[in-house]
Amino acid sequence: MTVNSADSHVLEPSDLWLRNTPAKYRDRTLRVERDGDREAISIDGVVIRRNPVDTSGKVRAPGQGDPVARLHDLESQDVWAELMFPSLGLWLPMCPDRALSLELSRVYNDWLLDGFMSVSPRYIGAAIIPIVDIVDAVSEIERAAGLGFQAVNLPAHAPDERLYNEPAYEPVWSAIESTGVRMTSHVGTGADPVVARGRGGAVINYTETFFPPQRLIAHLVASGVLDAHPQMHVIVVEGGASWLPALMERMDEGYTQHGMWARPKLSALPSEIIRRQVHATFQHDRALLSTIDVTGVESLLWGSDYPHFEGTWPNTQH
């Protein structure tokens with residue numbers, strides 16, 4: 001059976017931003033450097049992530065950075081097309097500087113377009129959109145759409161001072177709807193995903209990653225954003241989907257049982273808007289199979305998470 005993946009990744013060259021960031025920003029760009037037994041990722045001189053070197057090198061799929069070899073990997077897994085996200089670039093939304101954030105995002109978007117999307121239509125890239133400034137976000141959405149991108153990625157965790165239900169984002173939602181691109185939001189973006197250290201930290205932090213996508217959906221649905229933009233579709237990526245029916249029922253309960261306080265009034269129940277315009281990716285969610293009557297089929301998208309080691313490669317068909 002041939003399938004499409006709504007969650008796959010490229011592995012960017014570690015010196016991508018050093019080579020391609022405009023000279024005036026190069027000393028502040030994203031860097032990947034060896035720090036003892038760890039790989040340190042920094043932006044503007046601030047270390048935002050330290051990955052153990054043995055972990056970062058654990059999976060070496062032939063096509064993770066090679067567009068031609070990658071086609072062979074897809075064929076071996078019976079995957080036809082894939083929606084592609086960055087690896088190192090997932091940390092770009094951690095940059096708080098307006099000008100630098102825009103330049104770093106453009107470096108990745110241009111590289112993905114030239115290095116992968118131009119090689120095969122089976123590669124569907126999600127452009128990184130900086131949201132430090134709304135004007136820049138709109139500009140990059142429109143630029144990406146003009147270049148042929150069909151999807152754009154906004155961080156799962158919105159800035160604390162400007163959550164996704166704020167009216168300030170209206171130009172962003174209008175740009176997404178008018179250009180016809182799909183909004184995606186990959187887990188672990190926009191804030192440090194490490195919330196606990198010590199005992200149980202690895203499992204706690206992995207579990208925590210699926211909360212921001214639920215918050216994002218709640219904001220976009222309850223605030224009326226999706227109702228006001230019926231052609232706008234949102235895909236939340238790599239957070240699983242077994243929680244989706246519970247979120248739908250909880251939002252319906254809040255909207256109906258506490259309707260006297262619910263503002264704005266929606267044209268349909270939250271669950272109906274979610275079924276119409278929200279999609280969540282899954283890999284291993286067995287519990288999801290028993291709740292499809294609640295979610296509907298079109299709200300669910302499978303993703304391989306290629307080539308990351310928690311994904312399905314090289315055993316996708318199993």
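Reader: I'm new to this one, so what is the strand order in the open sheet?
Author: In this predicted model, the open sheet has 8 strands, and their order is β1-β5-β6-β7-β8-β9-β10-β11, with parallel pairing.

Reader: Which strands are at the edges?
Author: The edge strands are β1, covering 3-9, and β11, covering 300-302, and each of these pairs on one side only.

Reader: And what does the twist average from one strand to the next?
Author: From one strand to the next, the twist averages 25°.

Reader: How many bridges join β9 to β10?
Author: Strand β9, residues 234-237, and strand β10, residues 278-282, run parallel and are joined by 3 bridges. Within that part of the sheet, I235 stands opposite H279 in β10.

Reader: Which strands does helix α8 lie across?
Author: Helix α8, made of residues 211-222, lies across β8 (182-186), β9 and β10, and the helix runs at about 165° to β9.

Reader: Changing topic, where is T29?
Author: T29 is placed in the loop that falls between α1 (16-20) and β2 (31-35).

Reader: Is T29 buried or exposed?
Author: T29 counts as buried, because its relative accessibility is 1%, and buried means under 20%.

Reader: What does the T29 side chain join up with through a polar contact?
Author: The side chain of T29 has a polar contact of 2.7 Å with the side chain of T21.

Methods:
Residues numbered from 1 in each chain as written. Predicted model: local features only at pLDDT ≥ 70, side-chain atom pairs only at ≥ 80, totals over all residues. Heavy atoms only, no water. Helix = DSSP H or I, 4+ residues; strand = E, 2+ residues; numbered from the N terminus. Buried < 20%, exposed > 50% of the residue type's maximum accessible area, 1.4 Å probe, protein only. Polar contact = N/O pair within 3.5 Å; in protein donor to acceptor, adjacent residues only side chain to side chain. Pairing = 2+ DSSP bridges. Axes fitted to C-alpha atoms, helices over the stretch in contact; angles between N-to-C directions. Contact = heavy atoms within 4.5 Å.
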